[in-house]
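Thanks for making the time this morning. I would like to walk through one structure with you, going from its packing to its pocket and then to its charged pairs.

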Amino acid sequence: MLEVALILMLALFAALAARLLRTAGPVAHWVTGWGAASLAGVIPVALPAFPYLQLVAQPFGTFYAALVLSGTLLLAQRPVPRWLLPAALGFGVSRAAVAYGFGAQAGYAFALLGEPAAVVAAAFAAFPLTRDEQAGRAERMLAPAMVVLAATGALHLGWLSSGRPMLQIMPLWIVVAPPLLGLQIQASADRLRRALRRGFERSVAERTLELAASEERYRIISELSSDFAFKLRIHHDARLTRVWTAGAFEATLG
């Protein structure tokens with residue numbers, strides 16, 4: 001019964017991840033990815049008496065790597081391939097099949113073929129931000145952080161593939177995961193702040209052009225009329241500067 005419940009959990013997680021790939025932002029991808037990594041680590045430790053549950057835990061690690069990549073692609077404003085999630089699911093199922101046929105250590109060794117590479121690809125996607133002068137500090141640090149994350153994941157999988165206990169490697173993630181997740185959230189906030197600022201500046205520029213066009217129309221209408229119209233600009237030092245005057249004004253006063 002427990003195996004069925006976890007298999008259903010895996011299916012629901014895959015459906016949620018598929019939804020995220022279409023609609024959500026980088027933070028949702030990353031947080032969901034870290035949730036998948038947590039399940040991949042907790043299930044084998046919490047339920048060691050259920051060997052089949054270890055197989056269910058295997059694909060969660062693959063989802064983690066895929067969602068790290070998809071979130072970084074979104075942050076870098078690059079398209080997320082539609083095949084990314086199906087490929088992650090296929091790789092995760094293959095990983096579970098290897099673990100079933102040759103043991104859990106073989107499954108972890110198989111994961112080394114793809115999961116760290118996906119995180120390295122995320123580092124390459126974030127690399128242009130390191131040279132973007134307008135990017136925030138967290139955005140510029142994201143690519144090196146992804147390299148650290150890929151190295152940590154490779155060390156983790158290598159450790160488990162050698163048959164060493166998972167509990168001995170878990171403190172490494174306690175040290176690495178919180179600051180990396182915080183950096184990811186801050187990088188997304190930096191990007192959102194820049195986007196809002198650009199939108200505000202664009203709105204101000206458009207409004208300024210509209211006001212200038214309206215002022216020019218009013219000036220032309222005034223010149224074509226017989227109104228005694230003019231416009232002066234008052235400076236901070238109390239000086240007055242003539243901006244424009246109507247034809248009637250110039251005809252009368254010169």
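Let me begin with a term: when I say that two residues touch, or are in contact, I mean that they have heavy atoms within 4.5 Å. Please also keep in mind throughout that what you see is a predicted model.

With that in hand, take Thr 72, which lies in helix H3. Leaving aside residues up to four places away in sequence, Thr 72 touches Trp 30, Ala 122, Ala 125, Ala 126, Leu 142 and Met 146. Is Thr 72 buried or exposed? Its relative accessibility is 0%, and since the cut-off for buried is under 20%, Thr 72 counts as buried.

Gln 77 is exposed, with a relative accessible area of 59%, and its phi is near 60°, a positive value in a residue other than glycine.

Now to the empty space. Rolling a probe the size of a water molecule over the atoms shows where such space is left. The largest pocket holds about 410 Å³ of space. It is lined by 23 residues, and the closest to its centre are Ala 37, Ser 38, Tyr 64, His 156 and Trp 173. Which elements give two or more residues to this lining? They are helix H2 (26–46), helix H3 (51–75), H6, helix H7 (137–161) and H8, and of these H2 gives the most, with six residues. Sorted by class, the lining of the largest pocket has 16 nonpolar, five polar and two charged residues.

Let me turn to the charged pairs. As a general point, side chains of opposite charge can pair when their charged atoms come close. How many salt bridges does the model have? The count comes to three, and I will take them one at a time.

In one of them, the side chains of Glu 115 and Arg 95 meet at 2.5 Å, N to O. Glu 115 lies in helix H6 (residues 115–126) and Arg 95 in helix H4 (residues 84–102), so this pair ties together parts that are 20 residues apart in sequence. Both Glu 115 and Arg 95 are buried.

Another salt bridge joins the side chains of Arg 193 and Asp 190, at 2.8 Å, N to O. These two are three residues apart in helix H8 (residues 170–224), and so about one helical turn separates Arg 193 from Asp 190. Asp 190 is buried, with a relative accessible area of 9%, whereas Arg 193, at 46% relative accessibility, counts as partly exposed.

The remaining pair is Asp 237 and Arg 239, whose side chains meet at 2.7 Å, N to O. Asp 237 is partly exposed, with a relative accessible area of 47%, and Arg 239 is partly exposed as well, with 44%.

E1 and E2 form a hairpin with five residues between them, and in the turn Ala 238 has a positive phi of about 75°.

I will stop there and take questions.

Conventions:
Residues are numbered from 1 along each chain as its sequence is written. This is a predicted model: local features need pLDDT of at least 70, side-chain atom pairs count only at pLDDT 80 or more; totals for chains, interfaces and linings use all residues. Side-chain values use heavy atoms; hydrogens and water are left out. A salt bridge is a side-chain nitrogen of Lys or Arg within 4 Å of a carboxyl oxygen of Asp or Glu. Helices (H or I, at least four residues) and strands (E, at least two) are DSSP runs, numbered from the N terminus. Buried means under 20% relative accessible area, exposed over 50%, partly exposed in between (1.4 Å probe, protein chains only). Two strands pair if DSSP finds at least two bridges between them. On a 1 Å grid over the protein atoms alone, a cavity is a set of points where a 1.4 Å probe fits but cannot get out, and a pocket is an open set with protein on both sides within 12 Å along at least five of seven lines; lining residues have an atom within 4 Å of a point. Grid points are joined across faces, edges and corners, and a volume is the space filled by probe spheres set on the points. Ala, Val, Leu, Ile, Met, Phe, Trp, Tyr, Cys and Pro count as nonpolar, Asp, Glu, Lys and Arg as charged, and the others, Gly among them, as polar.
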